[in-house]
Amino acid sequence: QVQLVESGGGLVQAGGSLRLSCAASGRTFSSYTMGWFRQAPGKKRDFVAAISWSGSRTYYTDSVKGRFTISRDNAKNTLYLQMNSLKPEDTTVYYCAATPYSGSDYYIARVYNYWGQGTQVTVSS
């Protein structure tokens, strides 16, 4: 069983930065693909970023490329999302997720088996 606990969300002005953290429990953390998704009320859950087991491969949705950086520290069982140059359209709830799956479908929410509780990010204009 994997449990994910997020932190780091909050209120920031446009152009500012936040770092989201996702602490994972479970001995198999290092073997899991990890991802970040975001979902506003009434909207579908959208892919943001993903990172492979070792951290050697990272993936981003086009709208965050060059602004967000996903990373992981397997020794600490923690996933991070560094969010820079934030825009009002980044405002929503962010979720971390984990899956033993590896392949080209990392951007599909249903591929992930475990989810965090979500953390609110609000970017004011």
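Modeller: Strand β4 (residues 33–39) is joined to β5 by five bridges, and the two run antiparallel. Strands here are DSSP E runs of at least two residues, numbered from the N terminus, and two strands pair if DSSP finds at least two bridges between them. This is a predicted model: local features need pLDDT of at least 70, side-chain atom pairs count only at pLDDT 80 or more, and totals for chains, interfaces and linings use all residues. Residues are numbered from 1 along each chain as its sequence is written, and side-chain values use heavy atoms, with hydrogens and water left out.

Biologist: Which residue in β5 is the bridge partner of Trp36?

Modeller: Ala49.

Biologist: And what about the hairpin of β4 and β5?

Modeller: Six residues lie between the strands, and Gly42 has a positive phi near 80° there.

Biologist: Why is β5 largely enclosed?

Modeller: Five of the six residues of β5 (residues 46–51) are buried, so the rest of the structure largely encloses this strand. Buried means under 20% relative accessible area, with a 1.4 Å probe and protein chains only.

Biologist: How many bridges pair β5 with β6?

Modeller: Three, in the antiparallel sense, with β6 covering residues 58–60. Ile51 has Thr58 as its bridge partner in β6.

Biologist: Now the cysteines. How many disulfides does a search of the whole structure find?

Modeller: One, counting a pair of cysteine sulfur atoms within 2.5 Å as a disulfide. Cys22 is joined to Cys96, S to S 2.0 Å. Cys22 lies in strand β3 (residues 18–25) and Cys96 in strand β9 (residues 92–99), so the pair ties together parts 74 residues apart in sequence.

Biologist: Are those two buried or exposed?

Modeller: Cys22 and Cys96 are both buried.

Methods
Buried < 20%, exposed > 50% of the residue type's maximum accessible area, 1.4 Å probe, protein only. Helix = DSSP H or I, 4+ residues; strand = E, 2+ residues; numbered from the N terminus.
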